[in-house]
Amino acid sequence: MFTKILIANRGEIALRIVRACKELGIESVVVFSKEDEKSLPVLLADEAICIGPREPAESYLNVPRIISAAEIAGVDAIHPGYGFLAENEQFAEVCRSSGLEFIGPSHEVMRKLGNKLEARNTLARAGIPVVPGSTKVVQSKEEVKEIVAEIGYPVILKATMGGGGRGMRVIWKKEDLETLFPLAREEAKSSFGRPDLYVEKYIVRARHIEFQILADHSGEVVHFGERNCSIQRRYQKLIEESPSPFIDQKLRQKMGEVAVKVARELGYTGAGTVEFLMDENKNFYFMEMNTRLQVEHPVTEMVTGRDLVKDQIRIAGREPLGYTQEDIKIEGSAIECRINAEDPDKNFAPSPGKITSFHTPGGPGIRVDTHVFTGYTIPACYDSLIAKLISWGLNREEALSRMKRALEEFIIEGVKTTIPFHQWVIEHEKFVKGEFFTTFVDEELQKFQQK
């Protein structure tokens with residue numbers, strides 16, 4: 001096992017990893033920008049090293065500075081958290097070439113999965129269901145038209161190296177293609193350095209379902225059931241829950257087996273998430289695999305009782321999982337609301353600033369993951385996440401009632417937050433019944449803003 005880990009991240013996830021290290025008896029080192037000098041992770045870690053100014057390119061994305069900090073601190077491993085360099089194959093490779101364990105999959109596996117089109121083709125050949133679409137990069141509008149002739153409109157253009165919803169455009173009719181194809185290529189190039197796109201059939205009434213997996217170095221792979229991530233805006237998740245209200249045990253087992261097969265096919269190790277799209281008839285298709293810890297991992301921890309961060313560290317330290325699929329039981333229901341410093345009345349415009357009052361909810365079944373406190377300033381240069389509010393109940397109804405109570409108790413003053421939006425969603429008839437799709441926010445947001 002490691003004796004000292006460097007955390008190459010900030011905010012809530014850095015604090016989450018600091019806590020896991022403390023429980024494992026491992027020293028933690030946090031790197032930070034000057035903007036984050038007085039943040040909780042910096043205060044609570046065993047050691048903290050400033051690596052640059054507030055700009056991410058000069059700090060949290062600056063690989064030479066992070067590696068230098070790791071060497072100065074004498075750490076054994078680096079945990080990337082999520083975001084920033086977490087899915088950067090070059091960073092993983094540099095870590096290991098520097099004699100540091102990267103807490104995540106190998107850079108070779110990350111490279112396979114980094115190219116969404118290649119990953120899709122590899123898994124399709126292995127018998128994994130994928131959404132109908134192209135098998136190669138589309139270079140022109142004419143090539144897109146040829147594929148549409150086979151699968152029909154609507155389709156979605158995706159960047160091969162994509163992520164975070166960038167480089168994606170839905171094409172509803174041929175007229176849209178003329179303007180959106182060049183826009184998608186340009187966005188892909190500016191975001192990822194390559195203009196390469198591929199095409200998939202766009203599933204209009206889709207549900208976004210993901211399966212959490214862990215895989216150790218001996219080849220043991222398990223899944224922890226599904227998370228429903230269909231409440232999202234511009235492909236960014238807003239509310240997640242486990243288990244899904246419309247998936248029964250038979251379908252859960254089938255999808256879980258596919259998720260495990262994906263990991264085995266790739267020779268995957270560590271924590272990962274296999275993401276699927278599901279249509280109205282419960283046909284499911286592989287979409288992508290995230291090679292890191294997910295923001296929404298707490299809902300899985302709440303219903304399974306596992307600490308995914310500690311297990312992730314143990315696996316990186318070459319320890320076996322120590323349990324099998326039969327040992328994983330899903331008990332109750334959990335829901336997570338991402339509380340962001342955004343104004344939902346103004347199209348979720350960022351709302352950075354100083355928090356003048358901060359009171360977190362409590363009581364049975366409530367968990368709050370946050371790095372924020374009264375007097376903390378939400379910076380404009382980073383992600384707007386303030387906290388993750390998670391509720392657990394014996395069933396979905398109890399989890400919802402506890403979430404409603406917790407949202408009422410949550411006091412954040414000084415900045416606008418998404419709390420009112422979450423309160424509206426969890427009482428919405430479609431959400432309560434579990435009858436919602438990835439288009440929910442697009443279809444219903446105007447009603448919230450006009451209420």
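Analyst: One definition to start: axes are lines fitted to C-alpha atoms, for helices over the stretch in contact, and angles run from 0 to 180 degrees between N-to-C directions. Also, this is a predicted model.

User: OK. At about what angle does helix H7 run to E8?
Analyst: About 15°. Helix H7, residues 141-151, lies across E6 and E8.

User: And which strands does helix H8 lie across?
Analyst: Helix H8 (residues 174-192) lies across E6, E7 and E8. Its angle to E7 is about 160°.

User: What is the strand order in that sheet?
Analyst: The order is E7-E6-E8, in an open sheet of 3 strands with antiparallel pairing. Strand E7 (169-171) and strand E8 (197-201) are the edge strands, and each pairs on one side only. From one strand to the next, the twist averages 30°.

User: How many bridges join E6 and E8?
Analyst: Strand E6 (residues 155-159) pairs with E8 over 5 bridges, in the antiparallel sense. As one example, Ala159 has Leu197 in E8 as its bridge partner.

User: Switching to H3. Which of its residues are buried?
Analyst: In helix H3 (residues 63-73), they are Val63, Ile66, Ile67, Ala69, Ala70 and Ala73. Seen down the axis of H3, these buried residues fall within an arc of 155°, so they line one face of the helix.

User: Why would residues a few places apart point the same way?
Analyst: An α-helix has 3.6 residues a turn, so residues three or four places apart point the same way.

User: What's on the face of H3 turned away from the buried side?
Analyst: Pro64, Glu71 and Ile72, which are exposed.

User: And what covers the buried residues?
Analyst: The cover includes strands E1 (4-7), E2 (27-33), E3 (47-52) and E4 (77-79), along with helix H4 (89-97).

User: What about the ends of H3?
Analyst: At the start of H3, a side-chain oxygen of Asn62 comes to within 3.1 Å of the backbone nitrogen of Arg65. After H3 comes Gly74, with a positive phi near 70°.

User: Last topic. Which residues touch the most other members in the largest nonpolar core?
Analyst: Ile231, Ile339, Ile386, Ile412 and Phe421, out of 36 residues. Elements that each supply at least two residues of this core include strand E14 (333-340) and helix H12 (396-409).

User: What does Ile412 touch?
Analyst: Leaving out residues up to four places away in sequence, Ile412 touches Ile339, Ile355, Ser357, Phe358, Ile386, Thr417 and Ile419. Another core, of 34 residues, lies apart from the largest one, and Ala14, Cys21, Ala77 and Val222 are among its members.

Methods:
Residues are numbered from 1 along each chain as its sequence is written. This is a predicted model: local features need pLDDT of at least 70, side-chain atom pairs count only at pLDDT 80 or more; totals for chains, interfaces and linings use all residues. Side-chain values use heavy atoms; hydrogens and water are left out. Two strands pair if DSSP finds at least two bridges between them. Helices (H or I, at least four residues) and strands (E, at least two) are DSSP runs, numbered from the N terminus. Contact means heavy atoms within 4.5 Å. Buried means under 20% relative accessible area, exposed over 50%, partly exposed in between (1.4 Å probe, protein chains only). The arc is that of the directions from the helix axis to the C-beta atoms. A polar contact is a pair of N or O atoms within 3.5 Å; within protein, one must be able to donate a hydrogen and the other to accept it, and residues adjacent in sequence count only if both atoms are side-chain atoms. A nonpolar core is a set of buried Ala, Val, Leu, Ile, Met, Phe, Trp, Tyr and Cys residues joined through side-chain atoms within 4.5 Å.
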